[in-house]
Amino acid sequence: AEPVGLHPTNTAPPPRAIPALKSPANAPELTRTSYTIAITSPADETSIPRGPGNFTVTVAIQPALKRYESLQLFLDNVPSGSSQASVIWDLTNVFRGAHDITVGAIDRSGNTIALSDPVRVYVHRPSINFRK
């Protein structure tokens with residue numbers, strides 16, 4: 001066996017650390033806004049008079065929604081229609097009885113990030129009793 005002479009190994013210092021970019025999907029988490037949502041119409045404990053059960057719900061929200069957020073109306077804790085950017089909903093054919101209405105701010109992932117206080121309405125619809 002004969003010794004073999006090796007040349008020095010090439011080395012280089014590691015590159016300087018570069019901070020990771022924040023993806024747009026993470027942006028809502030980093031810039032989460034606290035919203036105040038209030039149902040302005042109808043007022044709590046409102047009676048909707050006899051008729052087909054149609055009425056309008058409006059809300060006020062502060063600050064304004066971001067472009068990737070929307071509002072969802074909940075009737076008795078069930079989503080009513082799809083989420084939207086508008087602050088007005090026209091409800092039709094709501095069954096008679098007591099109903100609780102809330103409105104939530106929804107982020108792009110479909111999570112509710114803010115919720116209004118509930119408003120209770122009473123829908124009075126005509127009924128027919130056939131008696132012979």
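Student: Is D76 buried, partly exposed or exposed?

Tutor: Please bear in mind that this is a predicted model. Burial is judged from relative accessible area: under 20% is buried, over 50% is exposed, and partly exposed lies in between. D76 has a relative accessible area of 34%, so D76 is partly exposed. This residue sits in the loop between strand 4 and strand 5 (78-79). Its backbone also deserves attention: phi is positive, about 55°, although D76 is not a glycine.

Student: Which loop holds N93, and what is its phi?

Tutor: N93 has a positive phi of about 55° and is not a glycine. The loop that holds N93 runs between strand 6 and strand 7.

Student: Where are peptide bonds in the cis form to be found?

Tutor: The angle to read is omega. A cis peptide bond joins S41 and P42, with omega of about 0°. Another cis peptide bond joins Q62 and P63, where omega is about -20°. P42 belongs to the loop between strand 1 and strand 2 (46-48), while P63 belongs to the loop between strand 3 and strand 4.

Student: How should I read the nonpolar core, and which residues touch the most other members?

Tutor: The general idea is that, in soluble globular proteins, nonpolar side chains tend to be buried together. Here the largest nonpolar core has 22 residues, and those touching the most other members are I37, F55, V57, L71, L73, I101 and V103. At least two residues of this core come from each of strand 1 (36-41), strand 3 (55-62), strand 4 (70-75), strand 6 (88-91), strand 7 (97-106), strand 8 and strand 9. Strand 3 supplies the largest share, four residues.

Student: What is I37 in contact with, away from its neighbours in sequence?

Tutor: Leaving aside neighbours within four places in sequence, the contacts of I37 include V59, A60, I61, L71, V103 and S116.

Student: Is S116 buried or exposed, and where does this residue lie?

Tutor: S116 lies in the loop between strand 8 (112-115) and strand 9 (119-123). Its relative accessibility is 5%, so S116 counts as buried. Beyond four places in sequence, S116 is in contact with I37, I39, T102 and V103.

Student: How far apart are G53 and R96 in sequence and in space?

Tutor: These two distances should be read separately. G53 and R96 are 43 residues apart in sequence, and their C-alpha atoms are 7.0 Å apart in space. G53 lies in the loop between strand 2 and strand 3, and is buried, with a relative accessible area of 2%. Leaving aside neighbours within four places in sequence, G53 is in contact with L91, T92, N93, V94, V123 and R125.

Student: How many salt bridges does the structure hold, and which side chains meet in a salt bridge?

Tutor: Side chains of opposite charge can pair when their charged atoms come close. The structure holds one salt bridge. In this salt bridge the side chains of D100 and R120 meet, at 2.8 Å from N to O. D100 lies in strand 7 and R120 in strand 9, so the pair ties together parts that are 20 residues apart in sequence.

Student: Are D100 and R120 buried, partly exposed or exposed?

Tutor: D100 is partly exposed, with a relative accessible area of 28%. R120 is partly exposed as well, with a relative accessible area of 32%.

Notes: Residues are numbered from 1 along each chain as its sequence is written. This is a predicted model: local features need pLDDT of at least 70, side-chain atom pairs count only at pLDDT 80 or more; totals for chains, interfaces and linings use all residues. Side-chain values use heavy atoms; hydrogens and water are left out. Buried means under 20% relative accessible area, exposed over 50%, partly exposed in between (1.4 Å probe, protein chains only). Contact means heavy atoms within 4.5 Å. A nonpolar core is a set of buried Ala, Val, Leu, Ile, Met, Phe, Trp, Tyr and Cys residues joined through side-chain atoms within 4.5 Å. A salt bridge is a side-chain nitrogen of Lys or Arg within 4 Å of a carboxyl oxygen of Asp or Glu.
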